[in-house]
Amino acid sequence: MKKLMLVCALGILVTFAVSAQEKSADSPVLAFNESSKDFGDITQGEKVEHVFKFENKGNSPLIISNVAASCGCTVPNWPKDPVPPGEKGEIKVTFNSSGKMGKQNSVVRIYSNASEPIEKVSMISNVLPKGGK
């Protein structure tokens with residue numbers, strides 16, 4: 001009886017493993033040209049923006065369900081429609097340095113149906129006081 005239960009359990013595990021492999025082979029793949037942008041020194045109060053370009057290198061449409069920034073000083077804008085396989089898209093991110101000082105690393109998390117469901121991009125800067133640049 002134990003042997004039969006072990007064989008059944010092993011069969012179920014193999015089925016799940018094969019199913020997971022098939023899903024990831026058909027999944028969209030979110031591939032960014034770059035994962036960070038360093039603006040160097042900027043002046044406090046300055047707004048900087050960058051467009052992170054990506055491609056869906058998978059085999060099914062990429063759906064970005066949410067894009068969240070690490071703080072309210074960083075605002076992302078992303079495509080709301082599915083991105084077909086082989087197509088490109090952009091995520092525009094704006095960082096407002098008002099009230100910030102020193103080294104900043106604003107992280108943006110991208111939530112999607114891709115094989116890696118959470119990707120990150122970041123905007124780096126060193127905020128100097130006004131008149132200190």
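The structure is a predicted model. A search of the whole structure finds one salt bridge and one aromatic pair.

**Strands β5 and β6**
- Strand β5 covers residues 74–77, and strand β6 covers residues 88–96.
- The two strands pair in the antiparallel sense, with four bridges between β5 and β6.
- Within this pairing, threonine 74 stands opposite phenylalanine 95 of β6.
- Thr74 and Pro76 form the covered face of β5, whereas Val75 and Asn77 form its uncovered face.
- In a regular strand, side chains alternate between the two faces of the sheet.

**Serine 125**
- Serine 125 belongs to strand β8, which spans residues 118–128.
- Serine 125 has a relative accessible area of 2% and therefore counts as buried, because the cut-off for that class is under 20%.
- Beyond its neighbours within four places in sequence, serine 125 is in contact with Phe39, Gly40, Ile42, Phe95, Gly102, Lys103 and Gln104.

**The salt bridge**
- Lysine 92 and glutamate 49 form a salt bridge, in which the closest N and O atoms are 3.8 Å apart.
- This pair links distant parts of the chain: lysine 92 lies in strand β6 and glutamate 49 in strand β3 (residues 47–56), 43 residues apart.
- Lysine 92 is partly exposed, at 35% relative accessibility.
- Glutamate 49 is also partly exposed, at 45% relative accessibility.

**Charges over rings**
- The charged end of lysine 37 sits over the ring of phenylalanine 39, at 5.5 Å from the ring's centre.
- The charged end of lysine 80 sits over the ring of tryptophan 78, at 3.8 Å from the ring's centre.

Note on methods
Residues numbered from 1 in each chain as written. Predicted model: local features only at pLDDT ≥ 70, side-chain atom pairs only at ≥ 80, totals over all residues. Heavy atoms only, no water. Buried < 20%, exposed > 50% of the residue type's maximum accessible area, 1.4 Å probe, protein only. Pairing = 2+ DSSP bridges. Contact = heavy atoms within 4.5 Å. Phe/Tyr/Trp six-rings, centres within 6.5 Å; stacked < 30°, edge-to-face > 60°. Lys NZ or Arg CZ within 6 Å of the ring centre and 35° of its normal. Salt bridge = Lys/Arg side-chain N within 4 Å of Asp/Glu carboxyl O.
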